[in-house]
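Please keep the sequence and the three-dimensional view at hand while working through the points below.

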Amino acid sequence: MRIGIVGATGAVGKELLNVLEKRNFPVSELRLYASARSAGRSLLFRGKEIPVEALPETPLPVDVVLASAGGGISKRYAPIWAMQSVVIDNSSAFRYEPDVPLIVPEINAHAMRHHKNIIANPNCTTAILLMALYPLHKAFKARRVIVSTYQSASGAGASGMEELLHGTKEFLAGHPVEHKTFAYPLPFNVIPQIDAFQENGYTKEEMKVLWETQKIMEDPQIRVSCTAVRVPTLRVHSEAVTVEFEHPVSPEAAREVLRAAPGVDLVDDPTNRRYPMPLTATGKFNVEVGRIRKSLAFDNGLDFFVAGDQLLKGAALNAVQIAELLQKPITT
Ligand code: A2P
């Protein structure tokens with residue numbers, strides 16, 4: 001396949017190169033696009049320097065466009081790219097359009113069948129949550145979900161990581177910490193705001209978790225309340241999750257389901273202090289799930305903790321998995 005990466009120099013773009021290489025994706029030609037600022041740079045793919053091109057205003061000469069340059073770019077250009085290529089879009093620009101499939105391959109690959117050349121990649125927090133929630137939902141039917149997130153700086157792109165690293169050094173040197181990407185300095189702080197506030201008091205990031213969970217799990221009845229918080233880690237989104245189920249559930253039954261779930265690593269051994277963490281989930285394709293226990297808040301509920309590398313399963317890995325599905329007949 002001829003592949004084009006739009007936003008190749010960004011945090012997700014670089015991971016797309018890494019994942020295509022690691023999964024041995026059949027790339028016949030790779031084109032890398034970013035802003036005019038990056039034209040002339042090059043990035044390494046399979047030992048070869050590939051030049052970065054300024055994004056043109058025309059269709060791109062590739063079979064698949066992996067887009068990760070933000071919602072504005074996708075909104076403007078994806079319809080043009082889609083004239084000649086299948087677009088796998090990492091932004092939220094098209095996720096809620098009824099005729100645009102929103103895909104997590106382990107969950108709803110079948111929904112890709114009738115795509116019209118634009119396929120949306122979900123929000124990173126949602127993708128990581130659903131890796132654990134969906135298998136449990138299938139087994140025990142989830143009714144209400146309460147999620148609190150611990151989201152890393154790289155969720156805001158390369159500039160978020162840079163701001164955290166630089167700000168931490170400044171803080172430790174006793175200097176004032178400047179901030180631009182985040183609403184407040186992130187080092188040694190947590191910020192309970194990701195994206196813009198909505199009329200109902202939730203942020204858009206929090207509403208995405210509800211909208212996208214309902215769309216991907218094809219269950220408009222499920223209720224999800226999320227509090228999304230930025231924390232000073234570089235990679236991996238972690239999430240504390242409480243779920244009320246319709247069918248009887250127990251921690252042991254949940255563990256059995258999660259042990260068999262694709263893309264999930266059960267890391268749940270409190271006696272030996274083994275649980276999901278950014279430290280262990282960084283760079284991993286699978287999402288870690290642990291701290292599974294009977295909820296004290298609901299009669300038939302569970303609490304658990306997930307940690308997933310959101311640049312991978314929440315973005316680049318999921319996008320490449322979607323591209324892999326384009327090459328084979330969809331059977332699920
Ligand atoms: P550039 O590095 O040239 O600015 P991140 O999510 O890490 O912030 O990355 C955003 C990606 O989107 C980068 O690769 C960035 O390229 C790219 N980008 C930003 N603005 C544009 C634009 N106007 N046209 C094409 N690519 C863009």
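L44 stands opposite E49, a residue of strand β4. The model in which this is seen is a predicted one.

- Strand β3 covers residues 42–45, and strand β4 covers residues 48–54.
- The two strands pair in the antiparallel sense, and four bridges join them.
- Together β3 and β4 form a hairpin with two residues between them.
- R46 lies in the turn of this hairpin and has a positive phi of about 50°.

**The open sheet**

- Six strands make up an open sheet, arranged in the order β9-β8-β10-β13-β12-β11, with mixed pairing.
- The edges of the sheet are taken by β9 (223–227) and β11 (264–266); each has a single partner strand, so one side of each is left without a neighbour in the sheet.
- From one strand to the next, the twist averages 25°.
- Within this sheet, strand β10 (residues 237–245) pairs with strand β13 (residues 301–308) in the antiparallel sense over eight bridges.
- In that pairing, V241 stands opposite F304, which belongs to β13.

**The surroundings of the ligand**

- The ligand is surrounded by 15 residues, and the closest are T9, S35, R37, S38 and A158.
- R37 places a polar side-chain atom 2.8 Å from an oxygen atom of the ligand.
- S38 likewise has a polar side-chain atom 2.5 Å from an oxygen atom of the ligand.
- In the case of A158, a polar backbone atom is 2.8 Å from an oxygen atom of the ligand.
- On its own, the ligand has 570 Å² of accessible area, of which the protein covers 70%.

**Aromatic pairs**

- Five aromatic pairs are found in a search of the whole structure.
- In the pair of Y96 and W211, the ring centres are 5.3 Å apart and the planes stand at 70°, so the pair is edge-to-face.
- This pair links distant parts of the chain, 115 residues apart: Y96 is in the loop between β6 (86–89) and α3 (105–108), and W211 is in helix α6 (residues 204–216).
- Y96 is partly exposed, with a relative accessible area of 33%, and W211 is also partly exposed, at 31%.
- F171 and F188 form a stacked aromatic pair, with 4.4 Å from centre to centre and 25° between the planes.
- This second pair also links distant parts of the chain, 17 residues apart: F171 is in helix α5 (residues 158–172), and F188 is in the loop between α5 and α6.
- F171 has a relative accessibility of 39% and therefore counts as partly exposed, whereas F188, at 53%, counts as exposed.

**An exposed lysine**

- K138 is located in helix α4, which comprises residues 124–140.
- The relative accessible area of K138 is 62%, and K138 is therefore exposed, given that exposed means over 50%.
- K138 and V257 are 119 residues apart in sequence, while their C-alpha atoms are 9.5 Å apart in space.

Note on methods: Residues numbered from 1 in each chain as written. Predicted model: local features only at pLDDT ≥ 70, side-chain atom pairs only at ≥ 80, totals over all residues. Heavy atoms only, no water. Buried < 20%, exposed > 50% of the residue type's maximum accessible area, 1.4 Å probe, protein only. Pairing = 2+ DSSP bridges. Axes fitted to C-alpha atoms, helices over the stretch in contact; angles between N-to-C directions. Near = heavy atom within 4 Å. Polar contact = N/O pair within 3.5 Å; in protein donor to acceptor, adjacent residues only side chain to side chain. Areas by Shrake-Rupley, 256 points an atom, 1.4 Å probe, with all protein chains shown as cover. Phe/Tyr/Trp six-rings, centres within 6.5 Å; stacked < 30°, edge-to-face > 60°.
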